[in-house]
Amino acid sequence: MEKAIYPGSFDPITKGHLDIISRTSAIVDHLIVAVLKNPRKQTVFTIEERLEMLRRSTARYPNVEIDFFSGLLIDYVKKNNINIIIKGLRAISDFEFEFQMALVNRKLNPAVETLFMVTNSKYSYLSSSIVKEIASFGGEIKDLVPPEVYDLIIQKFRCA
Ligand code: ADP
């Protein structure tokens, strides 16, 4: 059984993330989308909000599960018998860091493979930071985020 994990901050989930989730869920048996809970990293959305947005956006994929982790990814991977780590690649700039992480993770646990999913060219410019930047100035983000979470994101920035 191929059990994969797609880790990230998802602050918030974008259509780029969802595209990776959708394509990965079609090729593995089970996919855990795991939100990194890092108290040192400042996020706009709380861990509960990020989990809720992921749950709403992925409800149609029966083999996708939403969870969170803190500490080392490789420890979570071992505890949950995961054999594949999924990373999304948008540009060469993503590659250097992700390449290093993949090698470190292989050193820590040689049984786990990191697989890179190349972005859909439609979303190659898209990141959570871009969504936050546009939303904070009242710009239109409809094409950038899953429809199930649009209102939640807009509300957050209205209240901010
Ligand atoms: P970001 O703020 O860059 O979206 P995340 O930590 O939430 O950061 O990203 C989680 C993972 O999703 C990373 O592997 C990242 O490379 C990937 N990713 C993010 N946006 C996209 C996109 N538009 N296309 C492909 N992969 C993406």
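**Entry 1: Glu49**

I began with Glu49, which counts as partly exposed because its relative accessibility comes to 22%, and buried would require a value under 20%. I note here that I am working with a predicted model. I placed Glu49 in helix α2, and I then looked for what lies around it. Leaving aside residues up to four places away in sequence, I found that Glu49 touches Val44 and Lys156. I also looked up the separation of Glu49 from Asp11: the two are 38 residues apart in sequence, while their C-alpha atoms lie 9.0 Å apart in space.

**Entry 2: helix α2**

I went on to the helix that holds Glu49. Helix α2 has twelve residues, and from its first C-alpha to its last it reaches 17 Å, which is close to the 16 Å expected at 1.5 Å a residue. Which residues of α2 are buried? I listed Ile47, Arg50, Leu51, Met53, Leu54, Ser57 and Thr58. These residues are on the same side of α2, because the arc they cover around the axis is only 160°. I then asked what the buried residues of α2 pack against, and I found α1 (15–25), β2, β3 and α6 (150–159).

**Entry 3: the sheet**

Two of those partners are strands, so named by their DSSP runs, and I followed them into the sheet. I wrote down an open sheet of five strands in the order β3-β2-β1-β4-β5, with parallel pairing. Its edge strands, each of which pairs on one side only, are β3 (64–69) and β5 (113–118). Direction ignored, neighbouring strands of this sheet are turned by 30° against each other on average.

I also noted two helices that pack on this sheet. Helix α2 (residues 47–58) touches β2 (30–36) and β3, and its direction makes about 170° with that of β3. Helix α4 (residues 92–108) touches β4 and β5, and its direction makes about 170° with that of β4.

Next I looked at one pairing within the sheet: strand β1 (residues 3–8) and strand β4 (residues 84–89) pair in the parallel sense over two bridges. Which residue of β4 is the bridge partner of Ala4? I found that it is Ile84.

**Entry 4: Thr114**

Is Thr114 buried or exposed? I recorded Thr114 as buried, because its relative accessibility is 17%, and the cut-off for buried is under 20%. When residues up to four places away in sequence are not counted, Thr114 touches Ile85, Lys87 and Ala102.

**Entry 5: aromatic pairs**

Last, I turned to the aromatic rings, for which the count comes to five aromatic pairs.

Terms used: Residues numbered from 1 in each chain as written. Predicted model: local features only at pLDDT ≥ 70, side-chain atom pairs only at ≥ 80, totals over all residues. Heavy atoms only, no water. Pairing = 2+ DSSP bridges. Helix = DSSP H or I, 4+ residues; strand = E, 2+ residues; numbered from the N terminus. Axes fitted to C-alpha atoms, helices over the stretch in contact; angles between N-to-C directions. Contact = heavy atoms within 4.5 Å. Phe/Tyr/Trp six-rings, centres within 6.5 Å; stacked < 30°, edge-to-face > 60°. Buried < 20%, exposed > 50% of the residue type's maximum accessible area, 1.4 Å probe, protein only. Expected span 1.5 Å × (residues − 1). Arc of directions from axis to C-beta.
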